[in-house]
Amino acid sequence: MKKLTEVEKIIERLKGEYPDKPALTYNTTYQLLVAVILSAQCTDERVNMVTKDLFVDYGTPEKMLTLTNLELEKKIFSIGLYKNKANNILKMSKTLVERFNGEVPCEFEDLISLDGVGRKTANVVLSVGFNKPALAVDTHVFRVSRRIGLSSGKTPDKVEEELKNSIKKEDWSKSHHFLIYHGRRVCFARKPNCSMCVIKEFCDYGK
Ligand code: SF4
């Protein structure tokens, strides 16, 4: 495990490079939740292209439920796993209307009870939508954290636990975004661009 001072330096360096917010476009917590569900195995740019039109007429759970599965599939077909995602979005919207008065709940357990919402999505919604300290581990956060040496966990849950132990609570949410951006722009899965990396001197892999 890295020393706290080293972890703070890593976060500080990344802070100078990347935004502390997702690249997804949304106006409400519900739209954020839909966008995050759509973003699994898909780029934020592609999701934004689809939601730009979708949210004009179907930006609330009530309006989304006026669509059939097939109609929603047609609107999001350019996104990977669109059939599954359409099904989950409609079921999730139905649950919001029936159990949560049409609002996205702000408790972790309630969020993960929704269709299509796993630990990662719930953490993103908590941190971005409700400003709660949470640290979601997606494929980028998992890979980059392990390469740097911030965690040696072999599962996303273990990496989340170790990151929460080594990063200050007030930095959890932004660190999630920094690590995602770093994974997308520099620390690529196949061939990390270590020569252009601002945290190379702190990285186990880069050294
Ligand atoms: S030095 Fe290389 S492996 Fe380490 S974080 Fe930077 S790009 Fe990734």
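1. Basis of the note. Because the model is predicted, local features are reported only at pLDDT of at least 70 and side-chain atom pairs only at pLDDT 80 or more, whereas totals for chains, interfaces and linings use all residues. Residue numbers start from 1 along each chain as its sequence is written.

2. Domains. The protein chain splits into domain 1 (4-20 + 134-202) and domain 2 (29-130), with bounds that come from an automatic or database domain assignment. Taken over C-alpha atoms, the centres of domain 1 and domain 2 are 26 Å apart. Eight residues of domain 1 contact five residues of domain 2, a contact being two C-beta atoms, placed from the backbone, within 7 Å. On the side of domain 1 that touches domain 2 there are five nonpolar, two polar and one charged residues. Here Ala, Val, Leu, Ile, Met, Phe, Trp, Tyr, Cys and Pro count as nonpolar, Asp, Glu, Lys and Arg as charged, and the others, Gly among them, as polar.

3. Helix 1 and helix 11. Helices are DSSP runs (H or I, at least four residues), numbered from the N terminus. The axes of helix 1 (residues 4-15) and helix 11 (residues 172-185) come within 10 Å and cross at roughly 65°; axes are lines fitted to C-alpha atoms over the stretch in contact, and angles run from 0 to 180 degrees between N-to-C directions. Helix 1 is therefore roughly perpendicular to helix 11, a term that covers 65 to 115 degrees; angles under 35 count as roughly parallel, over 145 as roughly antiparallel, and the rest as oblique. The crossing of helix 1 with helix 11 is left-handed, that is, the near helix is turned anticlockwise from the far one by less than a right angle, clockwise being right-handed. I11, L14 and K15 of helix 1 meet S175, F178 and H182 of helix 11, giving three nonpolar, two polar and one charged residues.

4. Helix 2 and helix 3. Helix 2 (residues 29-38) packs on helix 3 (residues 44-58) at about 140°, the axes being 10 Å apart. This angle makes helix 2 oblique to helix 3, and the crossing is right-handed. Q31, A35 and L38 from helix 2 contact V47, V50, T51 and F55 from helix 3. Five of these residues are nonpolar and two polar, with no charged residues.

5. Helix 5 and helix 6. The axes of helix 5 (residues 69-76) and helix 6 (residues 82-99) come within 9 Å and cross at roughly 125°, so the two are oblique to each other. Their crossing is right-handed. Helix 5 contributes N69, L72, E73 and I76, and helix 6 contributes Y82, K83, K85, A86, N87, I89 and L90. By class, six are nonpolar, two polar and three charged.

6. Ligand shell. Of the 14 residues around the ligand, C187, C194, C197, C203 and G206 come nearest; a residue is near if its C-beta atom, placed from the backbone, lies within 6 Å. The shell comprises ten nonpolar, two polar and two charged residues.
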